[in-house]
Amino acid sequence: MNDTDRQICTGPWDGPGDGPGAIAPPIFQTSLFAKASFGDFVRQQAAEHENYVYSRGTNPTVAFLEKRLALLEGGEAAKCFASGMGAIGAVLGGLLKAGDHVLFVNNVYGPTLELAQHLGRLGIDHTVVTDPGADVESHLTDRTALVYVESPGTMLMKLMDLRALTEVTRRRGILTAIDNTWATPLFQKPLGLGVDLVIHSLTKYVGGHSDVTGGVVVGSTELVREIFYRGHQLFGAVMSAMEASLVLRGLRTLPVRMEQHQENAARVIDHLLEHPAVAAVHHPYANHAPDDPLVRSQLTGYSGLLSLELRDGGFDAVSRFVDALRLFRIGVSWGGYESLVSSPVRPGNAAQLAANGIPGGLVRLSVGLEGAQSQIEDLDRGFAATAR
Ligand SMILES: *Cc1c(COP(=O)(O)O)cnc(C)c1O
């Protein structure tokens, strides 16, 4: 993590109306912006992506956040949304047309794949290749318009070689998009590896306080403009100024939080790797040597989301483990200040999970900021309960 990124996260307001020098970004709580003349109104409405006309389109508080996120990712432009799914929906729904094919590679966030399934009804079909090391080119068709990936992937946090991917897609003139939520813009910058669009759920680490949902798409001016006019303006998953100010508050401490999440996760993982009740740990820190060329070429740090496999993979054992935890709260989402636990294991779904490449006894941990020693003691409480 470098000081440039720290200063992008903490930098002062540079939008309109700094007035008396407010140190926190002003919240432009307004649905519309009145113009001095009809001529101004007509001119600005004709280029709504770069003018403040209506808050369903642009808003100065939201624009300030967009500018920071574009800078962090090294992109020309960014557009924020009311949620990560709002951003994903705007990319898929805004860029694709009937007859197009989308290739998903690696383990991808469940609702993203459900959306892809739904788009089948609109004539957009897709293929899912869960092996991050698969030969991508062999799965492309002449209708493939987009390759959509996650790295690290959902649930198993497997890495895929982004440079190798974009070498193929660029040659074939196919767009690529990545869901970069796990790594945050601080630890992975996919645009520099040739990816066209970077998506985040800002609900996770960037917001960081589990009090706001949001999403963003970062890319070239041209692609983001296209997504703005179709996926954003017409689907309407708009981030409000109030939500943007909450995400901006999170952004200011993102660098220090990520360093702490990383440190806590490493200590927790060191403990898990030694524990007899744990069959495997899934996280790049656990699964790759520090000098692994793939890690070195694309990740500059680790976040705190990992999964572990309990040796006893049944629903009862998972329940006993999860219920014994005190510090790790039971819930969806991740990336906030608080430690969270969840699991895809349900009574009788082992075969279904296996069919999707998810091992039995999988438990997902979002390692929060409470302190590694307490987190380890809490997990040991869980392991003691599974041994009963
Ligand atoms: C949570 C999540 C999303 C969706 O974001 P929301 O803000 O919940 O809509 C997308 N991708 C990943 C990897 C996520 O964890």
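D179 places a polar side-chain atom 2.5 Å from a nitrogen atom of the ligand. The model is predicted.

The side chain of W334 has an N or O atom 2.9 Å from an oxygen atom of the ligand. M85 takes part through its backbone, with an N or O atom 2.8 Å from a ligand oxygen. On its own the ligand has 380 Å² of accessible area, and the protein covers 88% of that.

## The shell around the ligand

The residues around the ligand are S83, G84, M85, I88, Y109, D179, S201, T203, K204, G214 and W334. By class, four of the shell residues are nonpolar, five are polar and two are charged.

Which helix gives the most to this shell? Helix α4, spanning residues 84–95, does, with three residues.

## Cysteines

How many disulfides does a search of the whole structure find? The search returns zero. A disulfide requires two cysteine sulfur atoms within 2.5 Å. For C9, the closest cysteine sulfur is that of C80, and because the two are 13 Å apart, they are too far from each other for a bond. C80 is likewise in no disulfide, its nearest cysteine sulfur being that of C9.

Are C9 and C80 buried or exposed? The cut-off for buried is under 20% relative accessible area. C9 has 3% relative accessibility and therefore counts as buried. C80, at 1%, also counts as buried.

Methods: Residues are numbered from 1 along each chain as its sequence is written. This is a predicted model: local features need pLDDT of at least 70, side-chain atom pairs count only at pLDDT 80 or more; totals for chains, interfaces and linings use all residues. Side-chain values use heavy atoms; hydrogens and water are left out. A residue is near a molecule or strand if one of its heavy atoms lies within 4 Å of it. A polar contact is a pair of N or O atoms within 3.5 Å; within protein, one must be able to donate a hydrogen and the other to accept it, and residues adjacent in sequence count only if both atoms are side-chain atoms. Accessible areas come from the Shrake-Rupley method with a 1.4 Å probe; for residues, only the protein chains shown count as cover. Helices (H or I, at least four residues) and strands (E, at least two) are DSSP runs, numbered from the N terminus. Ala, Val, Leu, Ile, Met, Phe, Trp, Tyr, Cys and Pro count as nonpolar, Asp, Glu, Lys and Arg as charged, and the others, Gly among them, as polar. Buried means under 20% relative accessible area, exposed over 50%, partly exposed in between (1.4 Å probe, protein chains only).
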